[in-house]
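Look at the chain from end to end before reading on.

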Amino acid sequence: MTAYVHDFDVAQVLAQLTFAEKIALCSGKSFWQMPGIERLGIPSVYITDGPHGVRKQRQLEGVSLENTIPSTCFPTASALASTWDCELVQMVGGAIGAEARALNVSVVLGPGTNIKRSPLGGRNFEYFSEDPLLSSQMSAAWINGVQSQQVGASLKHFAANNQESRRMTIDTLVDERALREIYLASFEGAIKTAQPWTVMCAYNLLNGESCSQHSWLLTEVLRNEWGFTGLVVSDWGAVVERAAGIAAGMDLEMPGNGNANGVSIRDAIDQGTLTIAQLDAVVTRVLTLIKRSLPSYHETITCDWDAHHVLARRVAAAGIVLLKNDHDVLPLQSTQQVAVIGSFAKAPRYQGAGSSYINPTRLDTVYDMLVAHLGRDVEYAAGYHPRAKAPDAALIAEAVALAKRVEVVVLVVGLPDIYEAEGIDRTTMALPASHDALVTAVVAANPRTVVVLCNGAPVEMPWHDQTPAIVEAYLGGQAGGGAIVDVLYGVVNPSGKLAETIPMHGSDCSAASFFPGDGQMVVYRESIYVGYRYYDTADVAVRYPFGHGLSYTSFAYGDVVTQIQPDGNVMVTLSVTNTGNRAGHEVVQVYVRDVAARVFRPAHELKAFTKVYLEAGATTTVQLTLDARAFAFYDVASAQWLVEAGEFEIQVGSSSRDIRGRAVVTLVGVAAQPQRVLAGYSDIRGNDAFNETSFAQVYGKPLTTKRHTRGNFTINTPISDMATHSWIARALHNQMRRQMQQMIGAMDADGPTALLFRTMADEMPPRTLMMFAQGKIKLAWMHAFVALANRKYLQALRALIRG
Ligand code: BGC
């Protein structure tokens, strides 16, 4: 048996490596192991998903989403972000880090910090917010927690990976200002404050170049501008041209694929297009990560799983958002006769599907927790079949009859598991008709009905006005059932605030007409107007604004006082008083508005926040600091952040539409160049908003992508796209479908994992196929295949001979 080292000197090891060993270090050993060097006693450490717990597979080869070692399933990112509580999120990170140590995992793949561009994004449950400040602070807290346990985090998916449709190959066209102010800012803040050990590059292309070989993104911005010192790992199967990736700063290819791409590194070095120094830079970063990971490899620590379940309940409760509470229906009294309706109360919807799927250590249901809280039996009706779209008249009639017999109803509805899965975007913001019909009927039967929503992303609420109380519980993890009961009965005073806007309809979103693109490219025509930046600027009515969330107590805000410090920072001070008769938390939000901007800017932007705890009647002083960046916009022409000279309004409030106090500061700043008036962006209320001509100017480059047409197919073209033009592609596509069907095997055939696998078979390009083949497919064969599909027979022959 090899005796593995407990420490080593990176430079010394680098000096001892052969060329082949260096190449081997550029890609994983297996699906979930980093490369190692047996000869030198350097082990292959484990790297696994994330982010809502530790998803360590029982077997190291391949993907097996459900056969994993149990670990604590924490609430998903939507719920974590709704806490607006960095300390609590850091504690979750700490617990995940500790569980990783218990399972000898060195790097946990998370958090996901992509911006929620559209409420329909299939992975929104896994992302924090539509706002980059909140998203980056949540990410930083999570990373700090995980890394406090000497386990690495992997901030993902870098960058502009905001949809699932064609996620492996889509070209995201986004203007640099929107990139800097919205999409990259979410990564930037987390990287600068928390230095994750790794960053995961996304599958998609960004403005024409694959993220896995984007040197502007991975080297210029990430390392040179932001000072990232860690390692870049590819998303699983994201590598296109490995040598180009190395030159661009993409260090580790995952998963291991028998080093199928090693040949292109060797060729590039031979041809002089890649230097040994570039290869060494990548190898050095891989070795450094392994060195950092050795404690978790060698020392298994024990962790307190029960305490983590308690923490999971606490954080789930803190993330619950009380949307509406007319006539103080809530909190419920234990003496009231209550009924529970909705299958999710017994078969909970508590996490999303895909690579983040956790096999929980325990699972609390709303029903069981309610019975435990009351200490007596509670009547129940299912109301709907979890996945059925069509209303079931018999189940609804039974639910209505029950609702009529009791004083209050707890009605649990939401999105079924197949609606929210990695790999698949939603096509509508509506709940299944079966859930909507049930709510309408039950609310009509009992006016004291509390609707509890379990979903990872916003839903439409056609029954909203008739429903007295609505609780957004998100996907609360394994202890979510207890957390819901805690909030319903006032054991916990709700303090969650929306980290995203709930629009009236999916079609109200600024990206609605431009999402998810045409299958080959997606153009972010709305530019910086994402989420509340759009709704609040264009005065669009929303169901609930960003930052909204009620409490069982009330808070009064004092006058806002601002002071410009000697260093130019602006100090914002105010008092907050708990004016109700219960202790509670309030999230104080600071928005900044550029009063007379010469460039187009949103109505206001969140620039600071804090969560305070106040006993009934107590007052506290809140002080928040705004630095220059809080007032700046990104000036693409001069490639810098600029603060315009003049007035800025500081707005302090309890949501983006509940501003309680204002003050104005005048900053010296610079006189920004007056921008050409761009009709589609200076007034975004009309039909002309985000028109193509204006966007072309904002984007500044031709709005095109390399089309996947016959003759232009590459290893990055979905095989299904080639299938219409080529029998060999058709044959391969069919074979892939059969293979996926085999992987689905005994799984629930209509479940989200099966859906994800089938979608992958339909969207996969040849480059990603190699990852599943685990070294059985050579790169040259893929090139030959693509040449055949392009009907370039000589090229195909040459590739085959070379291979
Ligand atoms: C996902 C990543 C995940 C990886 C490994 C990819 O398909 O996009 O988020 O970490 O698989 O499971």
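Two strands are said to pair if DSSP finds at least two bridges between them. Strands themselves (E, at least two residues) and helices (H or I, at least four residues) are DSSP runs, numbered from the N terminus. The model is predicted, so local features need pLDDT of at least 70 and side-chain atom pairs count only at pLDDT 80 or more, while totals for chains, interfaces and linings use all residues. Residues are numbered from 1 along each chain as its sequence is written, and side-chain values use heavy atoms, with hydrogens and water left out.

Begin with an open sheet of 4 strands, in the order 22-21-26-27 and with antiparallel pairing. At its edges stand strand 22 (605–614) and strand 27 (658–667); each has a single partner strand, so one side of each is left without a neighbour in the sheet. On average, neighbouring strands of this sheet are turned by 20° against each other, direction ignored. Such angles are taken between axes, which are lines fitted to C-alpha atoms (for helices over the stretch in contact), and they run from 0 to 180 degrees between N-to-C directions. Strand 21 (residues 584–594) and strand 26 (residues 646–655) pair in the antiparallel sense over 6 bridges. Val 590 has Val 652 in strand 26 as its bridge partner. Strands of a sheet pair through backbone hydrogen bonds, either parallel or antiparallel.

A further open sheet is formed by 6 strands in the order 9-14-13-12-10-11, and its pairing is mixed. Strand 9 (321–325) and strand 11 (379–381) are the edge strands, each pairing on one side only. Strand 9 pairs with strand 14 (residues 469–472) in the antiparallel sense over 4 bridges, and the bridge partner of Val 321 in strand 14 is Glu 472. Helix 12 (residues 366–374) lies across strand 10 (338–341), strand 11 and strand 12 (408–414), and runs at about 165° to strand 10.

Buried means under 20% relative accessible area, exposed over 50%, and partly exposed in between (1.4 Å probe, protein chains only).

Thr 48, in strand 1 (residues 46–49), counts as buried at 2% relative accessibility. Contact means heavy atoms within 4.5 Å. Asp 280, in helix 10 (residues 276–298), is buried with a relative accessible area of 18%.Finally, the largest pocket holds about 1100 Å³ of space. On a 1 Å grid over the protein atoms alone, a pocket is an open set of points where a 1.4 Å probe fits, with protein on both sides within 12 Å along at least five of seven lines; lining residues have an atom within 4 Å of a point. Grid points are joined across faces, edges and corners, and the volume is the space filled by probe spheres set on the points. Of the 47 residues that line the largest pocket, Val 240, Glu 241, Thr 714, Ile 715 and His 783 are the closest to its centre.
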